[in-house]
Amino acid sequence: MTRKTEASLLETVRSLSRESVIVVRGRVKAEGKAPRGYEIIPSQVEVLDRAAQPLPLDPTGKVDAELDTRLDSRFMDLRRPVSLAVFRVESAVMQSLRSYFYESGFLEVCTPKIVATATEGGTALFPISYFEREAFLNQSPQLYKQILMAAGMDRVFEIGPIFRAEEHDTRRHLNEAISVDVEVSFADHNQVMEVRENAVSRAYQFVADRCQRELELLNVDLQVPRVPFRRVTYTEALDLAREAGNTTMKWGDDIDTETERAVGNLVGEHYFLTDWPSSIKPYYTQPYDDRPEVSKGFDLMHPRMELASGAERVHDYNLLVERIKKQGLNPDGFEFYLRAFRYGMPPHAGWGLGLGRVVLTMLNLDNIRDAVLFPRDRRRLVP
RNA sequence: GUCCGGAUAGUGUAGAGGCCUAUCAUGAAGCCCUGUCGAGGCUUCGACCCGGGUUCGACUCCCGGUCCGGGCGCCA
(Lines give C-alpha, C1' and ligand atoms only; values in the text may rest on other atoms or scores of the structure.)
Protein backbone atom coordinates (compact mmCIF):
# COMPACT_ATOMS: atom_id res chain seq x y z
CA MET A 1 0.00 0.00 0.00
CA THR A 2 1.49 3.32 -0.99
CA ARG A 3 1.65 6.29 1.24
CA LYS A 4 -0.52 8.23 -1.22
CA THR A 5 -3.46 5.80 -1.23
CA GLU A 6 -3.21 5.55 2.50
CA ALA A 7 -3.54 9.31 2.81
CA SER A 8 -6.65 9.50 0.61
CA LEU A 9 -8.19 6.56 2.45
CA LEU A 10 -7.57 8.25 5.76
CA GLU A 11 -9.18 11.40 4.46
CA THR A 12 -12.27 9.46 3.34
CA VAL A 13 -12.56 7.69 6.66
CA ARG A 14 -11.95 10.85 8.64
CA SER A 15 -14.74 12.66 6.85
CA LEU A 16 -17.31 9.92 7.45
CA SER A 17 -20.27 10.65 9.70
CA ARG A 18 -21.53 8.02 12.14
CA GLU A 19 -23.94 5.47 10.66
CA SER A 20 -22.88 6.17 7.09
CA VAL A 21 -23.04 3.14 4.80
CA ILE A 22 -19.70 2.04 3.35
CA VAL A 23 -18.01 -0.81 1.53
CA VAL A 24 -14.52 -1.74 2.66
CA ARG A 25 -12.26 -3.86 0.48
CA GLY A 26 -9.00 -5.11 1.91
CA ARG A 27 -7.07 -7.89 3.46
CA VAL A 28 -8.46 -9.61 6.56
CA LYS A 29 -5.72 -10.13 9.09
CA ALA A 30 -5.72 -11.94 12.41
CA GLU A 31 -4.92 -9.48 15.18
CA GLY A 32 -5.02 -10.41 18.82
CA LYS A 33 -5.44 -6.83 20.00
CA ALA A 34 -8.57 -6.20 17.91
CA PRO A 35 -11.92 -6.57 19.72
CA ARG A 36 -13.06 -9.45 17.50
CA GLY A 37 -9.64 -10.95 16.87
CA TYR A 38 -9.15 -9.68 13.34
CA GLU A 39 -8.75 -6.51 11.36
CA ILE A 40 -9.28 -5.48 7.76
CA ILE A 41 -6.37 -3.63 6.16
CA PRO A 42 -8.34 -1.50 3.70
CA SER A 43 -7.23 -0.97 0.14
CA GLN A 44 -10.44 0.79 -0.83
CA VAL A 45 -13.26 2.47 1.07
CA GLU A 46 -16.38 3.38 -0.83
CA VAL A 47 -19.07 5.61 0.67
CA LEU A 48 -22.51 4.37 -0.42
CA ASP A 49 -24.53 6.77 1.67
CA ARG A 50 -23.53 9.49 4.05
CA ALA A 51 -25.62 9.74 7.25
CA ALA A 52 -26.94 13.13 8.30
CA GLN A 53 -26.17 14.57 11.73
CA PRO A 54 -27.18 14.69 14.48
CA LEU A 55 -28.70 11.23 14.86
CA PRO A 56 -32.24 11.09 16.30
CA LEU A 57 -31.03 8.73 19.03
CA ASP A 58 -27.88 6.91 20.01
CA PRO A 59 -27.76 3.55 18.22
CA THR A 60 -24.85 2.26 20.30
CA GLY A 61 -26.98 2.13 23.41
CA LYS A 62 -24.53 4.26 25.40
CA VAL A 63 -27.26 6.84 26.00
CA ASP A 64 -30.81 5.68 26.64
CA ALA A 65 -33.80 6.88 24.66
CA GLU A 66 -37.40 6.87 25.80
CA LEU A 67 -39.86 4.52 24.14
CA ASP A 68 -41.61 7.41 22.42
CA THR A 69 -38.35 8.70 20.96
CA ARG A 70 -37.40 5.20 19.86
CA LEU A 71 -40.73 4.62 18.14
CA ASP A 72 -40.55 7.97 16.35
CA SER A 73 -37.23 6.83 14.86
CA ARG A 74 -37.80 3.11 14.82
CA PHE A 75 -35.38 2.59 11.89
CA MET A 76 -32.57 3.93 14.05
CA ASP A 77 -33.81 2.22 17.21
CA LEU A 78 -33.64 -1.15 15.46
CA ARG A 79 -29.93 -0.65 14.85
CA ARG A 80 -29.58 -1.18 18.58
CA PRO A 81 -28.97 -4.89 19.06
CA VAL A 82 -31.41 -5.13 21.99
CA SER A 83 -34.26 -3.70 19.95
CA LEU A 84 -33.55 -5.91 16.96
CA ALA A 85 -33.30 -8.97 19.20
CA VAL A 86 -36.99 -8.69 20.09
CA PHE A 87 -37.97 -9.05 16.46
CA ARG A 88 -35.54 -11.87 15.78
CA VAL A 89 -37.34 -13.69 18.58
CA GLU A 90 -40.73 -12.74 17.18
CA SER A 91 -39.74 -14.12 13.80
CA ALA A 92 -38.61 -17.36 15.46
CA VAL A 93 -41.94 -17.61 17.27
CA MET A 94 -43.84 -17.28 14.00
CA GLN A 95 -41.55 -19.77 12.29
CA SER A 96 -42.10 -22.25 15.09
CA LEU A 97 -45.87 -21.79 15.10
CA ARG A 98 -46.09 -22.16 11.32
CA SER A 99 -43.95 -25.28 11.24
CA TYR A 100 -45.97 -26.80 14.08
CA PHE A 101 -49.26 -26.10 12.28
CA TYR A 102 -48.01 -27.39 8.95
CA GLU A 103 -46.64 -30.55 10.58
CA SER A 104 -50.02 -31.05 12.23
CA GLY A 105 -51.87 -30.93 8.94
CA PHE A 106 -53.25 -27.39 9.11
CA LEU A 107 -53.96 -25.24 6.09
CA GLU A 108 -52.78 -21.66 6.29
CA VAL A 109 -55.55 -19.31 5.20
CA CYS A 110 -56.10 -15.58 4.63
CA THR A 111 -59.49 -14.13 5.54
CA PRO A 112 -60.70 -10.63 4.65
CA LYS A 113 -59.80 -7.69 6.83
CA ILE A 114 -62.38 -5.42 5.21
CA VAL A 115 -65.83 -6.53 6.29
CA ALA A 116 -69.38 -5.35 5.68
CA THR A 117 -70.92 -4.92 9.10
CA ALA A 118 -70.17 -4.89 12.78
CA THR A 119 -71.34 -8.47 12.85
CA GLU A 120 -69.81 -9.62 16.07
CA GLY A 121 -71.38 -6.99 18.24
CA GLY A 122 -69.65 -5.67 21.32
CA THR A 123 -66.23 -4.30 20.57
CA ALA A 124 -65.80 -1.09 18.60
CA LEU A 125 -64.80 -1.40 14.95
CA PHE A 126 -63.00 1.09 12.75
CA PRO A 127 -65.34 2.33 10.03
CA ILE A 128 -63.75 2.88 6.63
CA SER A 129 -64.96 4.28 3.36
CA TYR A 130 -65.46 1.48 0.83
CA PHE A 131 -66.46 3.09 -2.48
CA GLU A 132 -70.01 4.28 -1.93
CA ARG A 133 -70.55 2.15 1.17
CA GLU A 134 -69.40 2.04 4.75
CA ALA A 135 -67.23 -0.91 5.73
CA PHE A 136 -65.17 -1.91 8.75
CA LEU A 137 -61.78 -3.30 9.61
CA ASN A 138 -62.24 -6.77 11.03
CA GLN A 139 -61.66 -7.28 14.74
CA SER A 140 -61.21 -11.05 14.42
CA PRO A 141 -61.19 -13.75 11.72
CA GLN A 142 -63.62 -15.68 13.92
CA LEU A 143 -66.65 -15.83 11.64
CA TYR A 144 -64.60 -16.61 8.54
CA LYS A 145 -62.67 -19.40 10.24
CA GLN A 146 -66.00 -20.96 11.18
CA ILE A 147 -67.35 -20.63 7.65
CA LEU A 148 -64.27 -22.55 6.50
CA MET A 149 -65.25 -25.37 8.85
CA ALA A 150 -68.44 -25.67 6.82
CA ALA A 151 -66.26 -25.74 3.71
CA GLY A 152 -64.51 -28.90 4.85
CA MET A 153 -61.17 -27.24 5.54
CA ASP A 154 -60.98 -29.15 8.76
CA ARG A 155 -57.86 -27.60 10.25
CA VAL A 156 -56.98 -24.00 9.45
CA PHE A 157 -54.72 -21.36 10.88
CA GLU A 158 -54.09 -17.73 10.10
CA ILE A 159 -51.52 -15.24 11.32
CA GLY A 160 -52.84 -11.82 10.52
CA PRO A 161 -53.86 -8.39 11.76
CA ILE A 162 -56.94 -7.60 13.80
CA PHE A 163 -58.26 -4.13 14.50
CA ARG A 164 -60.04 -2.83 17.58
CA ALA A 165 -61.29 0.71 17.95
CA GLU A 166 -61.33 0.55 21.74
CA GLU A 167 -59.96 3.65 23.43
CA HIS A 168 -57.97 1.62 25.89
CA ASP A 169 -54.64 3.05 26.84
CA THR A 170 -52.48 0.50 28.59
CA ARG A 171 -49.15 -1.28 28.26
CA ARG A 172 -50.84 -4.39 26.92
CA HIS A 173 -53.37 -3.08 24.38
CA LEU A 174 -52.99 -1.80 20.84
CA ASN A 175 -55.55 -0.92 18.21
CA GLU A 176 -53.86 -3.11 15.63
CA ALA A 177 -52.50 -6.49 16.68
CA ILE A 178 -51.37 -9.71 15.10
CA SER A 179 -53.59 -12.63 15.94
CA VAL A 180 -52.63 -16.27 15.59
CA ASP A 181 -55.92 -17.99 14.90
CA VAL A 182 -56.78 -21.67 14.75
CA GLU A 183 -60.00 -23.55 14.03
CA VAL A 184 -60.46 -27.34 14.02
CA SER A 185 -63.45 -29.42 12.98
CA PHE A 186 -64.60 -32.47 14.94
CA ALA A 187 -62.70 -31.15 17.94
CA ASP A 188 -63.88 -30.01 21.33
CA HIS A 189 -62.45 -27.31 23.56
CA ASN A 190 -60.12 -29.76 25.32
CA GLN A 191 -58.53 -30.86 22.05
CA VAL A 192 -57.80 -27.34 20.88
CA MET A 193 -56.40 -26.46 24.28
CA GLU A 194 -53.87 -29.22 23.69
CA VAL A 195 -52.99 -27.74 20.30
CA ARG A 196 -52.48 -24.40 21.98
CA GLU A 197 -50.32 -25.52 24.87
CA ASN A 198 -48.17 -27.53 22.47
CA ALA A 199 -47.86 -24.58 20.10
CA VAL A 200 -46.80 -22.22 22.90
CA SER A 201 -44.47 -24.68 24.59
CA ARG A 202 -42.80 -25.53 21.28
CA ALA A 203 -42.36 -21.88 20.42
CA TYR A 204 -40.58 -21.36 23.74
CA GLN A 205 -38.35 -24.35 23.08
CA PHE A 206 -37.59 -23.14 19.56
CA VAL A 207 -36.59 -19.71 20.84
CA ALA A 208 -34.52 -21.25 23.62
CA ASP A 209 -32.65 -23.35 21.03
CA ARG A 210 -32.28 -20.81 18.25
CA CYS A 211 -32.10 -17.40 19.91
CA GLN A 212 -29.47 -17.77 22.62
CA ARG A 213 -27.64 -14.59 21.64
CA GLU A 214 -30.86 -12.60 21.58
CA LEU A 215 -31.96 -13.94 24.96
CA GLU A 216 -28.59 -13.06 26.40
CA LEU A 217 -28.79 -9.53 25.02
CA LEU A 218 -32.27 -9.14 26.44
CA ASN A 219 -31.14 -10.65 29.73
CA VAL A 220 -33.86 -13.29 29.64
CA ASP A 221 -33.51 -16.64 31.35
CA LEU A 222 -36.13 -18.47 29.32
CA GLN A 223 -38.07 -21.22 31.11
CA VAL A 224 -39.89 -23.46 28.66
CA PRO A 225 -43.40 -24.05 30.04
CA ARG A 226 -44.14 -27.75 30.44
CA VAL A 227 -47.29 -29.31 29.05
CA PRO A 228 -49.97 -29.91 30.06
CA PHE A 229 -50.65 -26.42 31.42
CA ARG A 230 -52.69 -26.29 34.58
CA ARG A 231 -56.47 -25.99 34.11
CA VAL A 232 -58.23 -23.64 36.49
CA THR A 233 -61.96 -23.17 36.21
CA TYR A 234 -63.51 -19.74 36.45
CA THR A 235 -65.14 -20.78 39.73
CA GLU A 236 -61.83 -22.05 41.16
CA ALA A 237 -60.11 -18.83 40.11
CA LEU A 238 -62.70 -16.80 41.99
CA ASP A 239 -62.25 -18.96 45.06
CA LEU A 240 -58.47 -18.60 44.88
CA ALA A 241 -58.70 -14.83 44.62
CA ARG A 242 -61.24 -14.68 47.45
CA GLU A 243 -59.03 -16.75 49.76
CA ALA A 244 -56.19 -14.35 49.03
CA GLY A 245 -58.57 -11.48 49.75
CA ASN A 246 -57.93 -9.97 46.34
CA THR A 247 -61.29 -9.71 44.68
CA THR A 248 -64.68 -8.13 45.01
CA MET A 249 -66.07 -10.10 42.07
CA LYS A 250 -69.28 -12.10 42.07
CA TRP A 251 -69.85 -15.25 40.01
CA GLY A 252 -70.88 -14.11 36.56
CA ASP A 253 -68.80 -10.92 36.49
CA ASP A 254 -66.04 -10.63 33.92
CA ILE A 255 -62.67 -11.06 35.57
CA ASP A 256 -61.17 -7.70 36.46
CA THR A 257 -57.51 -6.76 36.39
CA GLU A 258 -57.06 -7.15 40.14
CA THR A 259 -58.47 -10.68 40.22
CA GLU A 260 -56.61 -11.68 37.07
CA ARG A 261 -53.34 -10.58 38.64
CA ALA A 262 -54.09 -12.26 41.98
CA VAL A 263 -54.79 -15.60 40.32
CA GLY A 264 -51.74 -15.19 38.07
CA ASN A 265 -49.53 -14.69 41.12
CA LEU A 266 -50.98 -17.75 42.84
CA VAL A 267 -50.57 -20.03 39.81
CA GLY A 268 -47.22 -18.59 38.77
CA GLU A 269 -47.03 -20.14 35.29
CA HIS A 270 -49.04 -20.48 32.10
CA TYR A 271 -52.50 -21.85 32.77
CA PHE A 272 -55.90 -22.25 31.17
CA LEU A 273 -58.87 -20.49 32.66
CA THR A 274 -61.85 -22.68 31.74
CA ASP A 275 -65.59 -23.08 32.25
CA TRP A 276 -66.53 -19.44 32.00
CA PRO A 277 -70.09 -18.28 32.63
CA SER A 278 -71.97 -18.42 29.34
CA SER A 279 -73.34 -14.93 29.90
CA ILE A 280 -69.95 -13.21 29.56
CA LYS A 281 -68.73 -15.25 26.59
CA PRO A 282 -69.72 -14.46 23.00
CA TYR A 283 -72.76 -16.02 21.38
CA TYR A 284 -70.73 -18.58 19.42
CA THR A 285 -69.39 -20.20 22.60
CA GLN A 286 -70.86 -23.67 23.24
CA PRO A 287 -72.55 -24.12 26.64
CA TYR A 288 -72.24 -27.39 28.54
CA ASP A 289 -75.26 -29.63 27.80
CA ASP A 290 -75.99 -30.39 31.45
CA ARG A 291 -75.38 -26.88 32.83
CA PRO A 292 -75.94 -24.27 30.13
CA GLU A 293 -75.01 -21.39 32.43
CA VAL A 294 -71.38 -22.59 32.06
CA SER A 295 -69.58 -22.50 28.72
CA LYS A 296 -66.79 -24.34 26.97
CA GLY A 297 -64.89 -21.11 26.57
CA PHE A 298 -61.32 -20.86 27.85
CA ASP A 299 -58.52 -18.32 28.08
CA LEU A 300 -54.80 -18.98 27.99
CA MET A 301 -53.25 -16.99 30.79
CA HIS A 302 -49.70 -15.93 31.54
CA PRO A 303 -49.26 -14.79 35.17
CA ARG A 304 -49.01 -11.22 33.86
CA MET A 305 -51.98 -11.19 31.48
CA GLU A 306 -54.38 -12.94 29.15
CA LEU A 307 -52.67 -14.27 26.03
CA ALA A 308 -55.54 -15.82 24.15
CA SER A 309 -59.11 -16.93 24.26
CA GLY A 310 -60.87 -19.83 22.62
CA ALA A 311 -63.83 -22.14 22.84
CA GLU A 312 -65.73 -25.01 21.50
CA ARG A 313 -68.19 -23.28 19.17
CA VAL A 314 -71.91 -23.55 18.77
CA HIS A 315 -72.46 -25.51 15.55
CA ASP A 316 -76.22 -25.96 15.79
CA TYR A 317 -78.00 -23.38 13.65
CA ASN A 318 -81.02 -22.95 15.91
CA LEU A 319 -79.00 -22.62 19.10
CA LEU A 320 -76.72 -20.10 17.39
CA VAL A 321 -79.64 -17.92 16.30
CA GLU A 322 -81.13 -18.14 19.77
CA ARG A 323 -77.87 -17.08 21.40
CA ILE A 324 -77.36 -14.21 18.96
CA LYS A 325 -80.81 -12.91 19.90
CA LYS A 326 -80.19 -13.45 23.60
CA GLN A 327 -77.10 -11.23 23.40
CA GLY A 328 -79.21 -8.46 21.96
CA LEU A 329 -77.94 -8.79 18.39
CA ASN A 330 -79.95 -9.05 15.20
CA PRO A 331 -79.53 -12.35 13.30
CA ASP A 332 -80.31 -10.57 10.02
CA GLY A 333 -76.89 -8.99 10.13
CA PHE A 334 -75.29 -12.42 10.39
CA GLU A 335 -76.91 -14.01 7.36
CA PHE A 336 -73.63 -14.52 5.47
CA TYR A 337 -72.33 -16.38 8.53
CA LEU A 338 -75.47 -18.28 9.53
CA ARG A 339 -75.92 -19.68 6.02
CA ALA A 340 -72.82 -21.78 6.59
CA PHE A 341 -74.54 -23.53 9.50
CA ARG A 342 -77.55 -24.76 7.52
CA TYR A 343 -76.04 -27.30 5.16
CA GLY A 344 -74.01 -29.55 7.41
CA MET A 345 -71.64 -27.90 9.90
CA PRO A 346 -69.28 -30.17 11.82
CA PRO A 347 -68.72 -29.54 15.52
CA HIS A 348 -65.61 -27.41 15.86
CA ALA A 349 -63.44 -25.46 18.25
CA GLY A 350 -60.66 -22.94 18.01
CA TRP A 351 -58.78 -20.05 19.49
CA GLY A 352 -56.98 -16.79 18.83
CA LEU A 353 -53.63 -15.85 20.34
CA GLY A 354 -52.09 -12.39 20.49
CA LEU A 355 -48.60 -12.60 18.99
CA GLY A 356 -47.41 -9.38 20.62
CA ARG A 357 -48.44 -10.57 24.05
CA VAL A 358 -46.61 -13.87 23.58
CA VAL A 359 -43.40 -11.99 22.76
CA LEU A 360 -44.04 -9.45 25.52
CA THR A 361 -44.44 -12.09 28.22
CA MET A 362 -41.76 -14.40 26.82
CA LEU A 363 -39.14 -11.65 26.93
CA ASN A 364 -40.53 -9.96 30.04
CA LEU A 365 -40.84 -6.62 28.24
CA ASP A 366 -42.55 -3.69 29.94
CA ASN A 367 -44.73 -2.51 27.10
CA ILE A 368 -46.50 -4.17 24.18
CA ARG A 369 -45.13 -1.34 22.02
CA ASP A 370 -41.68 -2.82 22.51
CA ALA A 371 -42.90 -6.05 20.93
CA VAL A 372 -44.42 -4.49 17.80
CA LEU A 373 -42.34 -2.89 15.04
CA PHE A 374 -44.75 -0.05 14.30
CA PRO A 375 -47.40 -0.02 17.02
CA ARG A 376 -50.80 1.59 16.53
CA ASP A 377 -52.44 3.04 19.62
CA ARG A 378 -54.93 5.75 20.50
CA ARG A 379 -52.50 8.49 19.47
CA ARG A 380 -49.82 6.91 17.35
CA LEU A 381 -50.50 6.51 13.65
CA VAL A 382 -46.95 7.05 12.34
CA PRO A 383 -44.47 5.75 11.49
C1' G B 1 -62.64 8.09 29.72
C1' U B 2 -60.56 8.89 34.65
C1' C B 3 -56.85 9.45 38.52
C1' C B 4 -51.61 10.27 39.55
C1' G B 5 -46.89 11.89 37.75
C1' G B 6 -43.99 14.35 34.03
C1' A B 7 -42.06 17.81 29.74
C1' U B 8 -34.62 21.26 30.30
C1' A B 9 -29.18 20.94 24.12
C1' G B 10 -29.95 15.71 18.70
C1' U B 11 -30.30 11.80 22.91
C1' G B 12 -30.52 10.69 28.30
C1' U B 13 -30.36 13.76 32.71
C1' A B 14 -29.33 17.62 37.36
C1' G B 15 -31.66 21.92 39.07
C1' A B 16 -37.75 23.28 43.01
C1' G B 17 -38.46 31.91 43.10
C1' G B 18 -32.63 35.80 42.50
C1' C B 19 -26.90 30.97 43.41
C1' C B 20 -28.77 29.83 35.98
C1' U B 21 -24.12 33.43 31.72
C1' A B 22 -28.55 26.21 33.60
C1' U B 23 -25.34 20.37 35.72
C1' C B 24 -23.41 15.87 33.98
C1' A B 25 -23.09 12.17 30.21
C1' U B 26 -23.45 11.27 25.10
C1' G B 27 -22.95 13.79 20.35
C1' A B 28 -20.78 17.45 16.83
C1' A B 29 -16.29 20.70 15.43
C1' G B 30 -11.07 21.34 16.46
C1' C B 31 -6.37 20.18 18.77
C1' C B 32 -3.30 16.60 21.46
C1' C B 33 -2.20 11.57 22.71
C1' U B 34 -2.52 6.37 21.47
C1' G B 35 -1.80 -0.65 18.61
C1' U B 36 -7.46 -1.48 20.67
C1' C B 37 -10.59 0.76 23.61
C1' G B 38 -17.67 2.28 24.83
C1' A B 39 -9.93 4.34 24.06
C1' G B 40 -8.07 8.85 26.78
C1' G B 41 -7.08 14.40 27.58
C1' C B 42 -8.12 19.69 26.47
C1' U B 43 -11.09 23.66 23.93
C1' U B 44 -15.59 25.04 21.56
C1' C B 45 -20.98 24.33 20.09
C1' G B 46 -25.85 23.08 21.46
C1' A B 47 -31.76 23.21 25.73
C1' C B 48 -35.81 25.41 30.03
C1' C B 49 -43.27 22.45 25.56
C1' C B 50 -47.14 26.52 24.29
C1' G B 51 -50.47 30.58 26.09
C1' G B 52 -52.05 33.50 30.16
C1' G B 53 -51.42 35.00 35.43
C1' U B 54 -48.79 36.02 40.34
C1' U B 55 -44.07 38.62 41.49
C1' C B 56 -39.38 43.85 41.63
C1' G B 57 -37.83 39.10 39.47
C1' A B 58 -40.45 32.63 36.80
C1' C B 59 -36.88 27.09 34.11
C1' U B 60 -38.90 27.08 39.16
C1' C B 61 -45.37 29.08 41.80
C1' C B 62 -50.85 29.31 39.83
C1' C B 63 -54.55 28.53 35.64
C1' G B 64 -55.53 26.61 30.69
C1' G B 65 -53.70 23.80 26.45
C1' U B 66 -50.65 20.15 23.92
C1' C B 67 -47.74 15.92 24.30
C1' C B 68 -45.51 11.78 27.22
C1' G B 69 -45.34 7.89 31.25
C1' G B 70 -48.03 4.84 34.86
C1' G B 71 -52.68 2.87 37.49
C1' C B 72 -57.78 1.77 36.72
C1' G B 73 -61.83 1.46 33.34
C1' C B 74 -63.04 -0.27 28.50
C1' C B 75 -61.11 -4.77 25.86
C1' A B 76 -67.99 -10.00 22.72
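Mentor: Two strands are taken to pair if DSSP finds at least two bridges between them. Strands themselves are DSSP runs of E with at least two residues, helices are runs of H or I with at least four residues, and both are numbered from the N terminus. In general, strands of a sheet pair through backbone hydrogen bonds, either parallel or antiparallel.

This is a predicted model, in which local features need pLDDT of at least 70 and side-chain atom pairs count only at pLDDT 80 or more, while totals for chains, interfaces and linings use all residues. Residues are numbered from 1 along each chain as its sequence is written, chains are lettered from A and ligands numbered from 1 in the order in which they are written, and side-chain values use heavy atoms, with hydrogens and water left out.

One open sheet holds three strands in the order β4-β6-β5, with antiparallel pairing. Its edge strands, each pairing on one side only, are β4 (114–115) and β5 (127–130). Two bridges join β4 to β6 (residues 133–137) in the antiparallel sense, and Ile-114 lies opposite Leu-137 of β6.

Another open sheet has eight strands, ordered β3-β7-β8-β13-β12-β11-β10-β9, and its pairing is mixed. Here the edges are β3 (107–108) and β9 (230–233), which each pair on one side only. Within this order, β11 (residues 297–302) and β12 (residues 305–312) are antiparallel and share six bridges. Met-301 faces Glu-306 of β12 across that pairing.

Strand β8 leads on to the side chains. A salt bridge is counted where a side-chain nitrogen of Lys or Arg lies within 4 Å of a carboxyl oxygen of Asp or Glu. Lys-145 and Asp-181 form one, at 2.7 Å from N to O. This pair ties together distant parts of the chain, with Lys-145 in helix α5 (residues 142–150) and Asp-181 in strand β8 (residues 176–185), 36 residues apart. A residue is called buried under 20% relative accessible area, exposed over 50% and partly exposed in between, using a 1.4 Å probe and protein chains only. Lys-145 is therefore buried, at 1% relative accessible area, and Asp-181 is buried as well, at 3%.

The count of salt bridges comes to 25. Another of them joins Arg-70 and Asp-77 at 2.9 Å from N to O. Arg-70 has a relative accessible area of 11% and so counts as buried; Asp-77 is buried at 0%. Glu-335 and Arg-342 also form a salt bridge, with N and O 2.6 Å apart. Glu-335, at 34% relative accessibility, is partly exposed, and Arg-342, at 37%, is partly exposed too. Arg-70 and Asp-77 also belong to a network, joined through salt bridges that share partners, together with Arg-74, Arg-80 and Asp-370.

As for cysteines, a disulfide would require a pair of cysteine sulfur atoms within 2.5 Å, and the whole structure has zero. Cys-110 is exposed, with 76% relative accessibility, whereas Cys-211 is buried, at 4%.

Next come polar contacts. Each is a pair of N or O atoms within 3.5 Å; within protein, one must be able to donate a hydrogen and the other to accept it, and residues adjacent in sequence count only if both atoms are side-chain atoms. Ser-17, in the loop between α1 (3–15) and β1 (21–30), is buried at 16% relative accessible area. Its side chain makes a polar contact with that of Ser-20 at 2.8 Å, and the side chain of Ser-17 also reaches the backbone oxygen of Ala-51 at 2.6 Å.

The last topic is RNA strand B. A residue is near the strand if one of its heavy atoms lies within 4 Å of it. There are 36 such residues, of which Lys-33, Glu-39, Lys-62, His-173 and Thr-257 come nearest. They divide into nine nonpolar, ten polar and 17 charged, where Ala, Val, Leu, Ile, Met, Phe, Trp, Tyr, Cys and Pro count as nonpolar, Asp, Glu, Lys and Arg as charged, and the others, Gly among them, as polar. On the RNA side, 69% of the atoms within 4 Å of the protein belong to sugar or phosphate, and the rest to bases.

A phosphate oxygen of RNA strand B lies 3.0 Å from an N or O atom in the side chain of Lys-62, and a phosphate oxygen is 3.1 Å from a polar backbone atom of Glu-66.
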